[in-house]
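Welcome, and thank you for taking a look at this model.

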Amino acid sequence: GGLRLGLAGGALAASVLLGPQHATAASSCTDESNPSYTVRHCRNVGMDLEGRLPRCPANSNCMSTSSVASPEHFLPPWSALSSGSSDAFSDRDVRVAWNLLNEVISSTPGLTIVDRDDAALYLRAEGASSVPPTALDDLEFVLRRSDGTVTFHSESRDTLFVYPLQRPVGCNDCHSKRLEEIRKRLGWDDFSERLGYDLSGEGESGESGPRGSTGFTLGKFVPLL
């Protein structure tokens with residue numbers, strides 16, 4: 001896949017295609033521990049050569065459209081197409097959707113856009129984490145020019161483990177809730193709404209499965225390795 005190619009020696013190609021700030025590198029993590037807890041610091045941002053945003057690490061407060069195989073970390077992509085419209089997504093539609101996305105993110109309390117690429121239709125914002133509150137979250141969005149599909153990745157840089165717990169301290173679905181608020185302000189559907197996809201189940205997003213015969217496959221909307 002594109003990510004493996006980038007990690008195996010395609011850094012130069014990634015820099016040419018995406019710009020150095022957008023190329024995904026291996027997630028680097030460091031741990032800071034004391035007798036009561038451990039804080040794991042990680043940075044996991046950028047696109048791979050296929051234009052896909054990072055998947056969520058197993059033990060993290062994170063949601064991503066790329067975490068297809070991890071239901072507790074998965075949310076479906078959004079569509080910037082109006083409900084009931086044709087599949088055509090014009091250059092004007094791209095401009096309108098991209099400007100709206102930037103306006104909504106920049107006006108969301110607590111978020112600041114720190115990286116924006118109008119050519120790649122990629123933006124990254126930072127905001128305060130819920131857990132731990134002294135840390136930062138990274139939120140990334142990509143608008144696909146061909147059909148108005150919007151993919152995203154939202155992850156806390158720091159993950160808190162309190163002994164003797166083996167799983168991280170949760171943030172009360174903070175990423176799912178913030179993303180849903182953003183989506184509602186945009187007025188866009190996610191693909192579960194447009195195609196009757198059932199996202200009930202365990203975790204933040206739950207297991208996903210079709211309601212009826214929609215012909216919906218995630219690979220159509222999210223590049224899969």
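How many of the five residues of strand β9 are buried? Four of the five are, in a strand that spans residues 158-162 and is mostly covered. Buried here means under 20% relative accessible area, exposed means over 50%, and partly exposed lies in between, with a 1.4 Å probe and protein chains only. Before going on, please note that this is a predicted model, in which local features need pLDDT of at least 70, side-chain atom pairs count only at pLDDT 80 or more, and totals for chains, interfaces and linings use all residues. Residues are numbered from 1 along each chain as its sequence is written, and side-chain values use heavy atoms, leaving out hydrogens and water.

**Strands and their partners**

Helices (H or I, at least four residues) and strands (E, at least two) are DSSP runs numbered from the N terminus. Two strands pair if DSSP finds at least two bridges between them.

| Strand pair | Bridges |
|---|---|
| β2 (residues 37-43) and β9 | five |
| β5 (residues 111-117) and β6 | six |
| β6 and β7 (residues 136-143) | seven |

Strand β6, residues 122-128, is mostly covered, with five of its seven residues buried. In β6, A125 is the bridge partner of I113, while G127 has D137 of β7 as its bridge partner. The hairpin of β5 and β6 has four residues between the strands, and L121 there takes a positive phi near 55°.

R124 also belongs to β6. This arginine counts as buried because its relative accessible area is 12%. Its side chain meets that of E126 in a polar contact of 3.2 Å; such a contact is a pair of N or O atoms within 3.5 Å, where within protein one must be able to donate a hydrogen and the other to accept it, and residues adjacent in sequence count only if both atoms are side-chain atoms.

Most residues other than glycine have a negative phi, and most peptide bonds are trans. In the loop between β6 and β7 lies P132, joined to V131 by a cis peptide bond with omega about -15°. Another cis bond, with omega about 5°, links Y163 and P164, and P164 is found in the loop between β9 and α4.

That loop also holds N172, whose phi is positive, near 60°. N172 counts as exposed because its relative accessible area is 59%. D173 is in this loop too and has a positive phi of about 60°. With 34% relative accessibility, D173 is therefore partly exposed.

**Helix α4**

Helix α4 covers residues 174-186, 13 residues in total, and reaches 18 Å from its first C-alpha to its last, close to the 18 Å expected at 1.5 Å a residue. The expected span is 1.5 Å times one less than the number of residues. Among its buried residues are C174, L179, I182 and L186. Just after α4, G187 takes a positive phi of about 80°.
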